[in-house]
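Please look at the sequence and the model first.

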Amino acid sequence: MKFLRDVWNELKKTSWPKRKELTKYTLTVIGMVVFMGVFIFGVDSGLSALMSWLIK
């Protein structure tokens, strides 16, 4: 029981992000995921084309 009380007390001390900050962070993460997906797709397509060209 003491453990749960301690956990609850620590959660009260936590600084939770405001709605504006949370939206900003979420959009940043989504943007980076999309960017990395496009980047990896581009590199994969380029390497695939290069390998096809080298094999022929």
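Predicted model: local features only at pLDDT ≥ 70, side-chain atom pairs only at ≥ 80, totals over all residues.

Residues are numbered from 1 along each chain as its sequence is written, and side-chain values use heavy atoms, with hydrogens and water left out.

**Overall form**

- The protein chain has two helices and zero strands; helices (H or I, at least four residues) and strands (E, at least two) are DSSP runs, numbered from the N terminus.
- The radius of gyration of the protein chain is 23 Å, whereas a compact globule of 56 residues would have one near 10 Å.
- That radius is taken over C-alpha atoms, and the globule rule is 2.2 Å times the number of residues to the power 0.38.
- Along the principal axes, the C-alpha atoms of the protein chain fill a box of roughly 70 × 30 × 10 Å.

**Surface**

- Of the 56 residues in the protein chain, 0% are buried; buried means under 20% relative accessible area, exposed over 50% and partly exposed in between (1.4 Å probe, protein chains only).
- The protein chain exposes about 5700 Å², and carbon and sulfur atoms supply 73% of that area.
- Accessible areas come from the Shrake-Rupley method with a 1.4 Å probe, and for residues only the protein chains shown count as cover.
- A nonpolar patch on the surface has about 1300 Å² of accessible area together, and its members include Met32, Phe35, Trp53 and Leu54.
- Patches are made of residues with over 30% relative accessible area and no salt bridge; like charges are joined within 9 Å, and nonpolar side chains (Val, Leu, Ile, Met, Phe, Trp, Tyr) within 5 Å.
- Leu54 is part of helix 2 (residues 19-55) and counts as exposed because its relative accessibility is 52%.

**Charges and salt bridges**

- Side chains of opposite charge can pair when their charged atoms come close.
- The structure holds two salt bridges, each being a side-chain nitrogen of Lys or Arg within 4 Å of a carboxyl oxygen of Asp or Glu.
- Lys2 is bridged to Asp6, with the closest N and O atoms 3.0 Å apart; both lie in helix 1 (residues 2-13), four residues apart, about one turn of the helix.
- Lys2 is exposed at 53% relative accessible area, whereas Asp6 is partly exposed at 35%.
- Lys13 is bridged to Glu10, with the closest N and O atoms 3.3 Å apart; this pair also lies in helix 1, three residues apart.
- Lys13 is exposed at 62% relative accessibility, and Glu10 is partly exposed at 46%.

- Ser52 is in helix 2 and is partly exposed, with 39% relative accessibility.
- From C-alpha to C-alpha, Ser52 and Asn9 are 60 Å apart in space, and they are 43 residues apart in sequence.
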